[in-house]
Protein chains: 2
Amino acid sequence: MENVVIIGSGPSAHTAAIYTARANLNPLLFEGMMAGGIAAGGQLTTTTEVGNFPGFPEGITGLELMLKMREQSLKYGARIQTSTVDKIDTSHKPFQVFSEGIATQTKTIIIATGAIAKRLRIKGEDNFWQRGISACAVCDGGLPIFRNKPLAVIGGGDTAIEEATYLTKFASKVYLIVRRDVLRASKVMQKKLEENPKIEILWHSNALEALGENSLEKLVVRNNKTNEEKTLEVRGLFYAIGHAPNTIFLDGQIDLDESGYIKTIPGTTQTNVKGVFACGDVQDKIYRQAITAAGSGCMAALEVERYLTEQK
Amino acid sequence: MENVVIIGSGPSAHTAAIYTARANLNPLLFEGMMAGGIAAGGQLTTTTEVGNFPGFPEGITGLELMLKMREQSLKYGARIQTSTVDKIDTSHKPFQVFSEGIATQTKTIIIATGAIAKRLRIKGEDNFWQRGISACAVCDGGLPIFRNKPLAVIGGGDTAIEEATYLTKFASKVYLIVRRDVLRASKVMQKKLEENPKIEILWHSNALEALGENSLEKLVVRNNKTNEEKTLEVRGLFYAIGHAPNTIFLDGQIDLDESGYIKTIPGTTQTNVKGVFACGDVQDKIYRQAITAAGSGCMAALEVERYLTEQK
């Protein structure tokens with residue numbers, strides 16, 4: 001019987017592993033085998049340079065940061081299993097975690113399976129992913145390749161508007177590509193947007209194809225009412241069409257919000273099931289940064305510790 | 001007029017500085033001049049090795065980690081002022097921040113002034129601080145010098161009991177030194193405590209003096225009813241008598257809880273004054289780790305960003 005099983009491989013999962021390992025709880029971490037379609041290490045492994053993780057003034061690649069965290073988990077005694085959890089059973093205690101047909105019994109579970117930024121899968125996208133195409137303006141918007149260049153954002157919600165507004169600090173111009181003729185964002189945000197001289201909204205528009213040499217240089221856009229096509233000279237394309245939290249495997253056993261994120265009691269990592277905790281992007285659709293994920297991983301570990309002490 | 005003034009010098013302050021600087025908000029950070037009695041860098045500068053900050057498998061000293069974060073803030077353009085903020089005025093906008101008689105006007109304030117673990121100032125304490133005496137069992141309890149050794153915890157609240165219980169994983173025995181003949185902790189926690197064979201409670205007791213060669217070896221304790229003194233052979237002494245958040249300079253302008261911590265809306269860093277945000281230990285009496293503080297510093301920065309966009 002395990003004290004704690006951690007599901008995930010990003011900053012929140014490994015911070016939870018480091019803390020529970022140091023607390024002698026002998027954690028078992030399932031890092032998954034291309035779970036959610038990305039390598040162990042999570043979304044950070046799909047970025048290049050990470051400049052905003054505190055403690056690395058010289059910068060560090062996402063992959064390198066995750067390898068360091070993994071090494072730290074192992075150093076303190078966490079056991080890491082490279083297989084994907086496909087089911088859990090929290091209907092009675094001990095809980096059960098299933099991976100590759102094998103059931104593991106555990107007193108507590110920390111879910112840190114993250115989320116994946118949705119992509120449109122337009123033509124050329126794979127060629128320019130992280131070479132001009134990104135799903136996080138806050139992470140990547142300040143990179144030198146985007147400075148004083150025209151950029152494009154795709155989306156019509158609050159995040160899209162925030163990202164477009166954010167990018168106007170760096171860009172010479174920002175195109176906001178909106179599928180319909182309305183925005184889902186609040187009125188006040190729309191007003192800001194329309195007043196911003198650097199932003200041009202392209203209504204009824206779909207992105208079709210990304211073009212360029214070594215990095216993104218052009219984006220073909222089609223008006224879905226007139227079918228007119230035009231080519232934007234943009235050096236950056238930011239998807240702001242939402243994220244998909246990796247919660248399908250929970251199969252309704254943990255309460256989710258309307259977007260599929262795990263509901264936690266605000267300011268904690270507690271889910272509706274006592275003994276099951278959630279941290280990182282799988283329960284955060286607001287901040288979504290490596291450092292906030294890591295912070296919540298620590299919280300989950302301390303809450304597991306407290307829970308186990310009370311249950312003893 | 002500043003966009004954002006950050007008050008503090010620990011992980012939360014610098015993470016807020018890194019994020020707001022990268023968002024082109026040109027933050028001004030007051031790191032203080034021995035503010036709260038400790039050097040710039042905050043409580044981490046009073047620790048030695050930090051093993052649980054994710055990203056540093058080889059460990060890093062608290063001072064080194066804070067120097068790296070400070071360098072990162074500067075790299076992205078944060079301005080750092082080495083003087084202590086002694087007053088703020090949030091009664092009207094723009095807010096004012098006062099340091100050494102000079103007023104700075106600002107649109108937003110991030111308060112990240114931290115907290116300080118209370119100490120008893122017993123004889124010999126300064127000699128063995130971080131050489132056997134600590135104020136954080138979670139941080140330091142797993143260090144090799146404490147393994148299989150008798151340890152002591154001072155305090156009678158929930159934290160004291162949690163820390164004593166936590167230390168039984170490593171220690172051969174844990175003395176819990178309680179000033180009165182009752183604990184302030186919950187009944188269920190007391191029961192766990194009394195059932196733990198490794199814990200011995202010393203009621204009506206005060207620690208008097210720490211003794212040793214290069215590190216703590218003995219602790220003199222006096223029974224405050226009988227005046228009987230005895231010497232405990234302990235290699236570790238952990239204060240669990242609470243923390244004092246650095247909030248006195250706020251002079252009642254920001255809502256505090258009954259222990260003096262800044263109240264924030266759970267799951268955010270928003271205080272009761274719109275445009276004033278709080279992060280790190282000054283608003284956290286539960287988790288209090290470097291990584292949770294850093295995470296909340298990032299949250300504050302993103303909330304400042306959003307607030308300024310909405311106000312524009």
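Start with the salt bridges between chain A and chain B, of which there are 4, a salt bridge being a side-chain nitrogen of Lys or Arg within 4 Å of a carboxyl oxygen of Asp or Glu. Select A:Glu162 together with B:Arg306, whose side chains meet in a salt bridge at 2.9 Å, N to O. This is a predicted model, in which local features need pLDDT of at least 70 and side-chain atom pairs count only at pLDDT 80 or more, while totals for chains, interfaces and linings use all residues. Residues are numbered from 1 along each chain as its sequence is written, chains are lettered from A and ligands numbered from 1 in the order in which they are written, and side-chain values use heavy atoms, with hydrogens and water left out.

Colour by pLDDT (the predictor's confidence in each residue, from 0 to 100): chain A averages 94, and 100% of the residues score at least 70. For the complex, the predictor gives an ipTM of 0.89 and a pTM of 0.90.

Now widen the selection to the whole interface, where 53 residues of chain A are in contact (heavy atoms within 4.5 Å) with 53 residues of chain B. The two chains bury about 4,700 Å² between them, 56% of it on carbon and sulfur atoms; buried area is the accessible area (1.4 Å probe) that two parts lose on being put together, summed over both. Highlight A:Arg22, A:Pro57 and A:Tyr287, which supply 15% of the area that chain A buries against chain B, more than any other three residues.

Next, select strand 1 of chain A, residues 2-7, where 5 of the 6 residues are buried, that is, under 20% relative accessible area (1.4 Å probe, protein chains only). Helices (H or I, at least four residues) and strands (E, at least two) are DSSP runs, numbered from the N terminus, and two strands pair if DSSP finds at least two bridges between them. Strand 1 of chain A runs parallel to strand 8 of chain A (residues 102-111), joined to it by 5 bridges, and A:Val5 has A:Ile109 as its bridge partner there. Strand 1 of chain A also pairs in the parallel sense with strand 2 of chain A (residues 28-30) over 3 bridges, with A:Leu29 as the bridge partner of A:Ile6.

Finally, move to strand 11 of chain A (residues 150-154), which is largely enclosed by the rest of the structure because 4 of its 5 residues are buried. Centre on A:Ala152, which stands opposite A:Tyr175 in strand 12 of chain A and has A:Leu237 in strand 17 of chain A as a bridge partner.

Definitions and conventions
Buried means under 20% relative accessible area, exposed over 50%, partly exposed in between (1.4 Å probe, protein chains only).
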